Amino acid sequence: MATSTAYPVGFQCAGAIVEQLRSSLGAPCQKQRTSPPSLGYMCTYVPEEIIHAAGFAALRILPGTAPAFIADAWLPGFCCAVARGCLARSLSGELDQLSGLVFASTCDTMQCLGDIWGMARPQDQIVDIDTPTHLDSHHVMSYLTGELSRFAHEVAAISGRAISFQTLWQSIRLYNRKRQLLRQLEDSREHLNSTDYLVVINAGFVLPVEAYVALLEQLTIQLSEESHSEVATGIPLMISGALLEDTTVHELLDELGGRVVGDDLCNGSRYYDTLVAESGDPFEALAVRYLHRAPCPCKHAPAHSRLERLRGMVRCTEASGIIFALHKFCEPHAFDYPYLAHTLEEEGIPSLLLEVESTSSRGQLRTRLQAFLEILSL
Amino acid sequence: MAHRRLQATRQLNRLMTKHYLAARHFHPMRPIAYVSSGAPVEILRTMGFLPVYPENYTALCGARKASLSLCQTAEAQGYSPDLCSYARTHLGAIADPSAAPMGGLPRPDLILCCNNICGTILKWFQTVSRLYDVPLFVLDTPYVKGKLKEETINYVNTQLEKLIQALEKNFPRRYREARLRKVVALSNEATALWRDIRYLCTARPSPLNAPDLFVNMAPMVVLRGTAAAVRYYRALKTEVEERVARGIGAVPVERYRLLWDNIAIWYELFRFHRYFERYDACFVVDTYTGAWSGLVECDDPIRGLACTYTPILLNIGFAQRAERMIDLIEAFQVDGFVMHANRSCKPYSLGQYAIQRLVSERTGVPGLIVEADMCDPRAYSESQLKTRIQAFMETLSMRDSPYVGPRHL
């Protein structure tokens, strides 16, 4: 597994590494970098390993700072800020560098966005992958395996570089290493404040995996060695939701005396909780991970499985409460919320619902978080 | 002028009342199955389950103007006001049946959900299955962009086989292929009749307007696969044919022929469309009631169901959806189209701007997008809509002048 020499990493303290990662987030789609070519994707059900094995950098498109109204000509008002923000970035030309985009049919919005994108940006090459809604049974496994291998052929056709089992295994190992390091980082979460932790995670979706793994290796070592690094204090909290790329909630928690000790986010534990088995058929191995990872609520999992996972995480992290940070118009999460919140409440785990939007007012969020923290500290 | 009522509608009311009563009272021994509108109900009918459609019921709640308070009941329980209003109406009716029309739906014994219409239905039915603690069977139909792939058909086909096995295991019901063939044949017959009826509206003046189509689609959804549906559509077809023969139009004067896209605005069904009547406009065709138009191949009925139910209107790529709309515009000689940007239905609504452009560019026919909601009247702003409709109708009236290009709204 070669670490790219294009992104040399000097010896740095943890703080400097975090800063370096933070700056990578600000850069609009690696405009300054010429290689390697990138394929963009939005949903974490898209197999980065296959994209990487075809010689691309897999770049997760996060809604950025491009004014969202640019997308108004293509999306009605009742579409989530994630889809709107990502499309706006593309329409404003920020993603022109990409060699193509991959869409997974996970939620209704993502499914539609793929088609809308194709019409709004006819110059973009679009590849679709179907990830089944079922997560059990043998025939789902064989369907998904077939779909992954079909996807590999399509991506390879774009890059002009055939995907051998060998290269695919290399990519799988590399991404496993990334997820492993993230899990390690989670274990030393107390050495980072909540905002920095989220920044580190988010940077992993934007940086080429080789450079990111190198930085993470250093960061995890530094964090364990810097004994003086202050242990984050504050009221321990869990946070649950879809994608929470915006750091506002985390910043406010750091400021107000809260501390995120665990998460159930699509850019968080749901991304790194399961590794790909490094044996057998690589497509099957990838499929098994998809079916076994902590599911997105778009998938059909038993009703209690999300509840049990949240409950388990709260016990394990000794969180005092949960923040549900949900995107407005995100149905899969909004349907699950009342059941999760009420059941946990009955079990003595209080929660707060925050509806996050690109336009969420910081002041309003602050007031609500402050009130929640006060209740918890009583 | 009042809406021209069809004679058949009286029969329809009896039919629907009987359907809902049957579920509650007539067949105490037959297990009740909640079914999504796009699920292959033929399998349930074959095995003697009694299908009940929450989507049809909640549309009915909307038409009876009962949906708002039910939505609010659901919202008080923590369900977001941005969720599908069918789902909220249903969840409200479960929470407070006394406030719901007909006392709510009877308790289900099982739920069958097919995600060919949306992902929302999965979350909605998951919630209902949890509330009633009854088994939920999910049929996963992959999105079809371009050609329907062999792998997709096999995936759905296998699920259907497993579904039958699971139903036989969980309920004292037998599956017989010969019976399925009969049910599918009835289903096909009603589908063909309904298609014929819709295509009778290619006549000038059109014998039916959108509200007629929306009201009369109910048996197509709820009684698909029964002899009752076939009988109903035969009677309706005769009546509509008679209108055509006698040159009777659905609206007093038909100057503009329009196409409707999306689910109806149930709580304003007649008033909203009557507003168009003032401009001598008639909705001669719509995309929604045509969603139940696929015939099932009978040679291998299970595979036939997989092939028919997977590529339905809301489960195909936008290019194909636009193509279908263009075909309708040509076949029905449509002058303009109105798209309901329905806050409750993302798969139907999110792509309308893109589809509008494509269709207008290809056909030269202008389109209007109006934002509202199928069951939540709070999203319906009458004066705003009227202004937009007025402007649109003025555009249409100036259509003798050369068309300058698509309107980007």
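In this predicted model, B:P205 is found in the loop of chain B that runs between helix 8 (177–200) and helix 9 (210–216). A:F329, although not a glycine, has a positive phi of about 75°, and its place is in the loop between strand 7 (321–327) and helix 13 (331–346) of chain A. A:F329 counts as buried, because its relative accessibility of 10% is under the 20% limit. B:D133, likewise not a glycine, has a positive phi of about 55° and lies in the loop between helix 6 and strand 4 of chain B. B:D133 is exposed, because its relative accessible area of 69% is over 50%.

Chain B is assigned two domains, domain 1 covering 8–176 and domain 2 covering 179–398, and the C-alpha centres of these two domains of chain B lie 22 Å apart. The size of an interface is often expressed as the accessible area lost when the parts come together. For domain 1 and domain 2 of chain B, the area buried between them is about 4400 Å², and carbon and sulfur atoms give 60% of it.

Polar interactions also cross this boundary within chain B. The rule finds 5 salt bridges across the interface of domain 1 and domain 2 of chain B, and a salt bridge also joins the side chains of B:R303 and B:E150, with an N to O distance of 2.5 Å. Between the two domains of chain B, 29 residue pairs are in polar contact, both residues of each pair being at pLDDT 80 or more.

The contact between the two chains takes 51 residues from chain B and 45 residues from chain A. Together, chain B and chain A bury about 4000 Å², with 62% of this area on carbon and sulfur atoms. Of the area that chain B buries against chain A, 18% is supplied by B:K123, B:K346 and B:L350, more than by any other three residues. Between chain B and chain A, 5 salt bridges are counted, and the side chains of A:K328 and B:D82 meet in a salt bridge with an N to O distance of 2.7 Å. Across the interface of chain B and chain A there are 18 residue pairs in polar contact, with both residues at pLDDT 80 or more. Several elements of chain B each supply at least two residues of the side that touches chain A, among them helix 6 (120–132), strand 4 (136–139), helix 14 (318–331) and helix 16 (352–363). The largest share of this side, 7 residues, comes from helix 6 of chain B. The side of chain B that touches chain A divides by class into 23 nonpolar, 16 polar and 12 charged residues.

B:D140 is placed in the loop between strand 4 and helix 7 of chain B, and it counts as buried because its relative accessibility, 3%, is under 20%. Leaving aside residues up to four places away in sequence, B:D140 touches A:P132, A:T133 and A:H134 of chain A, together with B:N115, B:Y155, B:V156 and B:Q159 of chain B. Towards chain A, a polar atom of the side chain of B:D140 lies 2.8 Å from the backbone nitrogen of A:T133. Within chain B, the side chains of B:D140 and B:Y155 are joined by a polar contact of 2.6 Å. By contrast, the C-alpha atoms of B:D140 and B:Q77, which are 63 residues apart along the chain, are separated by 29 Å.

Key:
Residues numbered from 1 in each chain as written. Chains lettered and ligands numbered in written order. Predicted model: local features only at pLDDT ≥ 70, side-chain atom pairs only at ≥ 80, totals over all residues. Heavy atoms only, no water. Domains from an automatic or database assignment. Buried area = accessible area lost by both parts, 1.4 Å probe. Salt bridge = Lys/Arg side-chain N within 4 Å of Asp/Glu carboxyl O. Polar contact = N/O pair within 3.5 Å; in protein donor to acceptor, adjacent residues only side chain to side chain. Contact = heavy atoms within 4.5 Å. Helix = DSSP H or I, 4+ residues; strand = E, 2+ residues; numbered from the N terminus. Nonpolar A, V, L, I, M, F, W, Y, C, P; charged D, E, K, R; others polar. Buried < 20%, exposed > 50% of the residue type's maximum accessible area, 1.4 Å probe, protein only.
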